Amino acid sequence: MTGSKIAKLAVIMMLFVLLAVLARSCISRLTDTDVDSGYKYLIGVSQPNLSEPWRVAMNEEIQQEVSKHNDMRVIFTDAAQSSEQQAQDVKKLVGYGIDLLIISLDDPVALTQTVTAVYKDIPVIVLGRGVTGYDYTLYVGTDDEMIGRKAGEFAMETLGDSGGAIVEIQGLAGSPTVDDRSKGFREAIQNSKLHIVKTMNADWQRDRAEDLLYEWLKENNDVNLVFAHNEAMALGAYRAVQKLDRNHINIIGIDGVNSENGSLQLVSENKLTGTFTSPPGGKEAIRYAIDILNKEKGIPKKVILRSQKITDQWEDTTSRITPSPDPSPEQGDAPIVVGFAQVGMESGWRIAHTKSVIDAAKEAGVQLLYENAEQSQDKQIEIIRQFIKEKVQVIAFSPKTETGWDEVLQEAKQAGIPVILSDREVNVGDDTLWTAYIGSDFREEGRRAARWLMQQAEAGQSYQIVELQGTAYSAPAVGRRQGFNEVIQTDHNFTIVESLQGDFTKKQGKELMAAALKRQGAKINVVYSHNDDMALGAVEAIENFGLRPGKDIIIISVDATKSALKALSIGKLNFAVECNALLGPQLMKAVKDLSEGKELPMKIITAEGVFTQESAKMALASREY
Ligand code: AHR
């Protein structure tokens, strides 16, 4: 190395040290004096423990991001695995006058009341694991069911056709993260020759996992694979396996934290067979915290981060998932070009969605190439191919159905064009074929509809439900059906007597309902419609049949457009679950972020409410669509 290079290196290293010192000094624990020292924003971060490397990485990310903002300070607390301590920590943080709370939970049930109480006064971001109910501002984390499913698929790949016996080591019992990871894993392996022979709860802790597995393996020989719900427990499993000299046992973990005990390292040292990253989300939490504190519009309810599979073959695919749009230098300062392939014009919701995208593009100075696929998947594929030919910089579309997109999305990926799914998700073999999804949680919408119905139900009364489904195989029809069923199947008083395939139009809603009434007569006492248009069609059919919609038959709908709120306010509908149609601004923000080279979260789930007959009357005047 030449003298001048050494000098340059020394300067760079000094700068790094200086930055690190500055960063630490800005974000270390605050004293009371610091709290009064005039910073604009004070953030409190409550951790349930810091014994997991994943949580340490989370705090480090938060520290790093906060250090970029001179007007921000942060206080961290560590509850050392005690829920009571965490509740006290939160109170203390609030006492310091924090402007926003970031909380990560191990035991959401024990902390729900605490979170709810804080949320009444200041914004709360729930980070990483554990979230119940809706009493928080934003959740940042991963899709745990999806991670579990991927882990299950990887277990099948690893053990091959002959299958094998699996031990599942779960985190803290009762945590939604545990339930979701386990559910996804079990669903993935259910029709294979893989069997879970033992499930144990090691509370996310390495040593507990080691002890439990060690004791169990001493008495049980036939185990081929251990699936541990986090990397600390995977490491514990590795230690147990080593002690017993059972090196043939494969171990799959979750987290992918690149720290000393992190999974990336464990995989590269062949201690783990593979792992799935669960990004800690500290960086994203602070970015959204700033938007929340600055009272920006369109803050989502959930931000789902992308998980990657890590094996010894691993390569970072982030840049291929979120390629920056081609800046087209020959165009100089020309606006960014986005091709938008709308699915059709089937409903009032869709009209509002289209308008929102067009208006937002205008406002953002984006050149929007808008095409309508008129409810034809073939046509939608053709439009996307045309966009690829025209070399647009970003493609956005609302997929008619969940499946059938692999080929065209592969073509977009090969052309280096990022694809954003606006409103509906796709189900493709390789989820790196699309960059981000912006829209609703359809399954949750279905659950909300069912929960309301069950709350209204009279004891001992039986409910005969007609379900009016949306377009076959579309994400909203699949999700709303699943979510609704999940909840009502817990009570035998609720029966879906007919589930009819509609297409989200008023005409179909009316025809299907008229036919159902002919078959079932007055026996029907509930209609659950996947959207407002079909519900309003059903209202007409019910009136034509001589019954009173909203009185003789309870009608629950999804979308909550202005027409539905009107029907609610005059008692012809009973309940509407909101599906946010105003997705244009968030789409344009994502386009802008991409053009600035920022990484997008995998899913941005919009905030949504529900409407009863009473609340609809109040909301009607200001309803935008
Ligand atoms: O994808 C969203 C759904 O599509 C809306 O709920 C429905 O009205 C629409 O047509």
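Of the 625 residues in the protein, 56% are buried in this predicted model. The accessible surface of the protein amounts to about 27,100 Å², of which 49% is supplied by carbon and sulfur atoms. In terms of secondary structure, the protein contains 22 helices and 24 strands.

One part of this secondary structure is a right-handed β-α-β unit, made by strand 13, helix 13 and strand 14, with the helix spanning residues 348-364. The two strands of the unit, strand 13 at residues 337-342 and strand 14 at residues 367-372, pair in the parallel sense, and six bridges are found between them. Within this pairing, G339 is placed opposite L369 of strand 14.

A further element of the model is the packing of two helices. Two packed helices are described by the angle between their axes and by the distance between those axes. For helix 16 (residues 442-456) and helix 17 (residues 475-488), the axes come within 6 Å and cross at roughly 35°, and the crossing in which helix 16 passes helix 17 is right-handed. On the side of helix 16, the contact is made by F442, R443, E445, G446, R447, A449, A450, R451, L453 and M454, while helix 17 contributes A475, P476, G479, R480, Q482, G483, F484, E486, V487 and I488.

Methods. Residues numbered from 1 in each chain as written. Predicted model: local features only at pLDDT ≥ 70, side-chain atom pairs only at ≥ 80, totals over all residues. Heavy atoms only, no water. Pairing = 2+ DSSP bridges. Helix = DSSP H or I, 4+ residues; strand = E, 2+ residues; numbered from the N terminus. Right-handed = clockwise from strand over helix to strand, strands pointing away. Buried < 20%, exposed > 50% of the residue type's maximum accessible area, 1.4 Å probe, protein only. Areas by Shrake-Rupley, 256 points an atom, 1.4 Å probe, with all protein chains shown as cover. Axes fitted to C-alpha atoms, helices over the stretch in contact; angles between N-to-C directions. Left-handed = near helix turned anticlockwise from the far one by under 90°. Contact = heavy atoms within 4.5 Å.
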